Amino acid sequence: MLQVRDEEAVSAPAMGEAVIPDTGLAMPRRLWAIVAISFGTSLFVLDGTIANVALPTIARDLGVEQGVVVNVVTVYQLVMVMALLPFANLGERLGLRRVYQAGQIIFMAASALAFLAHSLPVLLIVRAGQAFGAGMAMSVSAALIRQIYSKASLGSGLGINSVIVASSNAVAPVLGGLIVAHADWRWVFVAAVPLALISLLIGRFLPDPVRGATPFDWRSGLWSAASFAMLIGGIEMAAHGGRVAVGIAIALAGLGSALLLAWREQRQANPVFPVDLLAMPAIGLSTVAAIAAFVGSAALIVALPFRLEQGMGYTPQEVGLMVLPFPLTMLVVAPVAGWLSDHASPSIMGLIGMVIAVAGLCFMAFLPDDAGVAGVAWRLVVAALGFSLFFSPNARMIVGNAPRERAAAAGGLLATGRLFGQTLGAALVGVTLSLGLGEGPVPMLACAVLAGVAALASLARWRLAERV
């Protein structure tokens, strides 16, 4: 089987850099750093999803329509995706740990203002502040993981991080439901603060910050933020805001702005918009594969409740339990996949994973109405197994193939691809629902096609590596 080092040879020589071995942090500092980054990751994942369950209560308490209160989630996603690439670049200038911990402090300060949120505009300002801090920290978290672990164990580190993400996603709705049932809903936006405090207290064990020599390009940073604001905001408006034509126009303007920025950034040594990394085949193909897979997995999770509740007659509580096999499978398989990617070809693993995911999604597409709980569960397990075998190895290709001094840009690229894919996945389901096709096989078949795109990108990356 093709080894990881053979694939990394696709891109490394093109940079003209000397190969410097990545040994990671020494023990026991590495263990404390892992704990710090794990608490930080769970903090931002938890905060990003915990609010969903509180939205109906917030709408009633603030006297706003349910369609309007969804902006609590939309604003968070929008501000975060705007922040990722600029702050990843700033982290390369100021030091990764400084930007990571500054983001945590801003997040806590914004969370404290949640108790003053007695109107929707104030709550949206709080969520924007939380997302700003979260985006700062998330932009450099993958680069910190690369510095914590040795190059040989990077896949294992990313696999552990995937477990933290899956666990936090599973805990968030349960914790949010408990808070809403027994306390003021504003506590939902403060629940993650203890995790930030713990991460900050032991944050001194994170890799020491190193300043870069190149000054930060504020023009490109603001341009990048504005481009993604238009792109993501336009998609959200078209899919969920009821203003399809205006939303599409804004999204197209954002896409055009991003392309112009990419053209300008080709002349920069350390661009904010990482065109230098996207030009490297291993990273460019991995990014395409990541976006396609994130769109597919997000659309699956958004579309499935409509199929189970409205198409098959299950209650919302039953639907919540029936979806659990997906995150639980990822919780078990993700660390194994990360470890395997340190010893086998990530491209082959991604290809196999996406083939399995295509099969699982096709099984879901033609799910009979009398399938029952077990019938839904095993199909979800198959799909989750495929995605689990893909995500950690593919992330390893993006972060591990970047030059060490550009690891933050690679991490920002990975996080941006994830949020962009999740936004497109939700929009895809919204379109199928508006066309009256959301409760049938169409959403799952669309997800299967996207998983196929990710499989083809993994195959192309492997074939390219073989020719080197």
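Which helix holds the place of Ser-341? Select Ser-341 and you land in helix H15, residues 325–341; helices here are DSSP runs of H or I with at least four residues, strands are E runs of at least two, and both are numbered from the N terminus.

Before moving on, a word on what is loaded. This is a predicted model, in which local features need pLDDT of at least 70 and side-chain atom pairs count only at pLDDT 80 or more, while totals for chains, interfaces and linings use all residues. Residues are numbered from 1 along each chain as its sequence is written, and side-chain values use heavy atoms, with hydrogens and water left out.

**Stop 1: Ser-341**

Stay on Ser-341, which counts as buried because its relative accessibility is 0% (buried is under 20% relative accessible area, exposed over 50%, partly exposed in between, with a 1.4 Å probe and protein chains only). Now show Gly-338: the side chain of Ser-341 reaches the backbone oxygen of Gly-338 at 2.7 Å.

**Stop 2: Ser-153**

Next, select Ser-153 in the loop between helix H7 (120–148) and helix H8 (154–182). Ser-153 also counts as buried, at 18% relative accessibility. For a sense of distance, pick the C-alpha atom of Gln-266, 113 residues from Ser-153 along the chain; the two C-alpha atoms are separated by 32 Å.

**Stop 3: H13 against H18**

Colour helix H13 (residues 281–311) and helix H18 (residues 407–434), whose axes come within 7 Å and cross at roughly 40°. Axes are lines fitted to C-alpha atoms, for helices over the stretch in contact, and angles run from 0 to 180 degrees between N-to-C directions. That angle makes H13 oblique to H18 (under 35 degrees is roughly parallel, over 145 roughly antiparallel, 65 to 115 roughly perpendicular, and the rest oblique). The crossing of H13 and H18 is right-handed, meaning the near helix is turned clockwise from the far one by less than a right angle.

Show side chains here: the H13 residues in the contact include Ile-291, Phe-294 and Phe-306, and those of H18 include Phe-420, Leu-424 and Arg-418. The contact of H13 with H18 divides into 16 nonpolar, five polar and one charged residue.

Note on methods: Contact = heavy atoms within 4.5 Å. Nonpolar A, V, L, I, M, F, W, Y, C, P; charged D, E, K, R; others polar. Polar contact = N/O pair within 3.5 Å; in protein donor to acceptor, adjacent residues only side chain to side chain.
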